[in-house]
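Please find below a short note on the model shown here. The points are numbered and may be read beside the structure.

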Amino acid sequence: MQADKIIIIDFGSQYTKLIARKVRELHVYSEVIACNADMSGLLSDKSIKGIILSGGPQSVYMKNAYLLAELILGLKKPILGICYGLQLLSHHFKGSVKGGKTREFGKTNIILSSHSGILWGVPKKLSVWMSHNDHIKKLPAGFKATSKSENGLISSFEAVKQRIYGVQFHPEVNHTEYGKLILNNFLFKICRIKYKWQMGSFINEKVKEIKEKVNGQKAICAMSGGVDSAVAAFMIHKAIGKNLICVHIDNGLMRKNESAEIVKYFKNKVNLKFIDASKLFLSRLKGVTDPEKKRKIIGKTFIDVFQKFARKQSKGEDKIKFLVQGTLYPDVIESSSFNGPSVTIKTHHNVGGLPKSLKMQLIEPFRELFKDEVRAIGKLLKVPEIILGRHPFPGPGLAVRILGTVTKDKLDILRQADYIYREKLYKLGLYNKIWQAFAVLLPVSTVGVMGDSRTYERVLALRAVESIDGMTANWFPMPVKALEEISTGITNKVTGINRVVYDISNKPPSTIEWE
């Protein structure tokens with residue numbers, strides 16, 4: 001039985017795929033389509049049960065704003081507009097949307113005037129996640145406001161006869177209270193979804209797809225040792241077995257003892273090859289301070305190393321034709337638009353395609369998934385918990401945790417400090433309570449005093465955040481005694497650091513990594 005489907009129209013929001021993830025979390029299959037794509041194929045798709053319009057960076061009253069395609073209304077399916085989607089619905093049906101002095105970003109309290117439709121079971125007062133400059137000044141005829149924010153702005157509406165609903169806030173973001181219930185109400189009470197989608201079916205579909213694509217040929221998997229590449233390796237191995245060659249590259253930017261531990265752990269589980277390219281990476285990064293340039297240099301160097309390895313491995317018709325990467329959707333969405341218009345936040349080393357000179361096709365089984373989904377797949381594939389429980393680690397490694405130029409001396413300092421930080425978190429029972437924790441070496445030196453002598457050494461920033469999917473995050477309220485023990489351990493044992501600070505920034509407005 002084909003699963004019922006929700007179509008998400010992407011207007012360029014950084015959270016579009018998060019909507020898809022939340023919908024899938026509720027076991028409903030979803031597809032993301034760009035707002036400017038050809039949608040004619042939707043007319044014959046009987047599995048479609050509803051439409052969600054995403055947020056976006058534009059204003060609906062702008063000259064070149066993306067508008068609502070008439071075909072969407074022609075499907076005669078329930079519609080939920082989120083943020084820009086809400087404003088777009090209001091604008092399309094002759095309501096009034098205006099910019100104003102009152103802007104709402106981050107946590108905002110709203111008060112409900114109705115508990116029907118998508119707001120069934122939601123309390124009268126709740127905290128939601130807002131991110132908008134514009135607001136609805138006047139609703140279209142037949143539309144009714146169902147809640148307002150503490151600032152008096154319309155935060156949700158409904159047009160029951162047309163089965164149209166809208167929310168100014170983001171129910172897909174974990175910071176919105178009852179966001180999952182609101183989406184659940186739309187899917188099951190309004191769209192009347194019956195046939196659900198399961199994660200196990202994703203694995204079966206991907207394994208079949210990869211097996212057919214590779215078709216008995218060989219593939220290389222970029223094995224960093226992190227959650228994403230490890231689960232990708234297990235899945236590809238399930239599909240093509242010994243035809244998978246896993247390659248771990250020591251780029252000189254790994255954490256303390258990391259490469260040695262990766263080789264030791266995986267060598268008997270998959271066909272693993274080890275390449276020490278640390279000198280090459282560091283030589284190419286010499287003198288580079290711009291974080292975007294760092295990421296691009298690291299990405300190109302990874303490809304160069306893989307290309308050289310593949311050429312050596314290829315013999316006649318035994319040529320390696322596929323490169324596997326554990327790219328996740330947050331990497332893609334922060335680097336460039338996935339489906340539709342959006343704004344680049346930062347470039348990820350493993351995003352952006354392959355050069356023509358590399359005659360391999362790219363396989364990215366998790367390109368449309370989030371970290372928690374990959375962990376769920378890992379459990380189904382029986383990937384050991386010691387791997388699944390690791391904190392996320394960026395592809396560019398410690399290079400983006402050293403602000404400014406990257407040198408071996410700085411890497412040694414940061415490696416030791418980061419190791420002490422993580423070991424203390426394990427000892428204090430805090431590691432598994434944190435989504436991601438790491439240290440950042442700042443391009444700042446300060447005066448200190450050690451043993452009655454003046455020092456002038458580096459500042460180290462500690463970062464720890466709580467998150468579910470990496471798209472939003474709150475800084476972790478580290479116990480004061482833990483901070484004291486960590487700071488003392490670092491300044492006592494790491495030569496070159498005399499001051500430790502703690503980062504208390506949320507995402508947004510900050511990103512999790514500093515570069």
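1. Two strands are said to pair if DSSP finds at least two bridges between them. Strands (E, at least two residues) and helices (H or I, at least four) are DSSP runs, numbered from the N terminus. The model is a predicted one, in which local features need pLDDT of at least 70 and side-chain atom pairs count only at pLDDT 80 or more, while totals for chains, interfaces and linings use all residues. Residues are numbered from 1 along each chain as its sequence is written, and side-chain values use heavy atoms, with hydrogens and water left out.

2. The first topic is a sheet of 9 strands. This sheet is open, its pairing is mixed, and its strand order is S2-S1-S3-S4-S9-S8-S7-S5-S6. At the edges are strand S2 (29-34) and strand S6 (125-138), each of which pairs on one side only. From one strand to the next the twist averages 25 degrees. Such angles run from 0 to 180 degrees between N-to-C directions, and axes are lines fitted to C-alpha atoms, for helices over the stretch in contact.

3. Strand S7 may be followed to its partners on both sides. With strand S5 (residues 96-112), strand S7 (residues 144-149) pairs in the antiparallel sense over 3 bridges. With strand S8 (residues 154-159), S7 also pairs in the antiparallel sense, over 4 bridges. Lysine 148 belongs to S7 and stands opposite isoleucine 111; lysine 148 also stands opposite isoleucine 154 in S8. The hairpin of S7 and S8 has 4 residues between the strands, and in this hairpin glycine 152 takes a positive phi near 85 degrees.

4. Strand S1 (residues 5-10) and strand S3 (residues 48-53) are joined in the parallel sense over 5 bridges. Lysine 5 has isoleucine 48 in S3 as its bridge partner. Helix H4 (residues 179-190) packs on the sheet and touches S1, S3, S4 and S9, its direction making about 165 degrees with that of S4. Here, contact means heavy atoms within 4.5 Å. Helix H3 (residues 84-92) lies across S3, strand S4 (79-82), S5, S6, S8 and strand S9 (164-167), and runs at about 115 degrees to S4.

5. Which strands stand at the edges of the open sheet of 5 strands, each with a single partner strand? The order in this sheet is S12-S11-S10-S13-S14, with parallel pairing. Strand S12 (272-276) and strand S14 (361-363) are the edge strands; each has a single partner strand, so one side of each is left without a neighbour in the sheet. The twist averages 30 degrees from one strand to the next.

6. Within this sheet, strand S10 (residues 218-222) and strand S11 (residues 244-250) run parallel and are joined by 4 bridges. Alanine 222 stands opposite valine 247 in S11. Helix H5 lies across S10, strand S13 (320-324) and S14, at about 165 degrees to S14. Helix H6 packs on the sheet as well, touching S10, S11, S13 and S14, and its direction makes about 160 degrees with that of S11.

7. The helices H5 and H6 also meet each other. The axes of H5 (residues 199-214) and H6 (residues 227-240) come within 8 Å and cross at roughly 60 degrees. H5 is therefore oblique to H6; angles under 35 degrees count as roughly parallel, over 145 as roughly antiparallel, 65 to 115 as roughly perpendicular and the rest as oblique. In H5, Phe202, Ile203, Lys206, Val207, Ile210, Lys211 and Val214 meet Met235, Ile236, Lys238, Ala239 and Ile240 in H6. The residues of this contact divide into 9 nonpolar, no polar and 3 charged. In this count Ala, Val, Leu, Ile, Met, Phe, Trp, Tyr, Cys and Pro are nonpolar, Asp, Glu, Lys and Arg are charged, and the others, Gly among them, are polar.

8. The last point concerns one residue. Is leucine 425 buried or exposed? Leucine 425 lies in helix H13 (residues 408-427). Its relative accessible area is 0%, so leucine 425 is buried (buried means under 20% relative accessible area, exposed over 50%, partly exposed in between, with a 1.4 Å probe and protein chains only). Not counting residues up to four places away in sequence, leucine 425 touches Leu430, Tyr431, Ile434, Ala437, Met478 and Ile486. Methionine 478 is 53 residues from leucine 425 in sequence and 10.0 Å from it in space, C-alpha to C-alpha.
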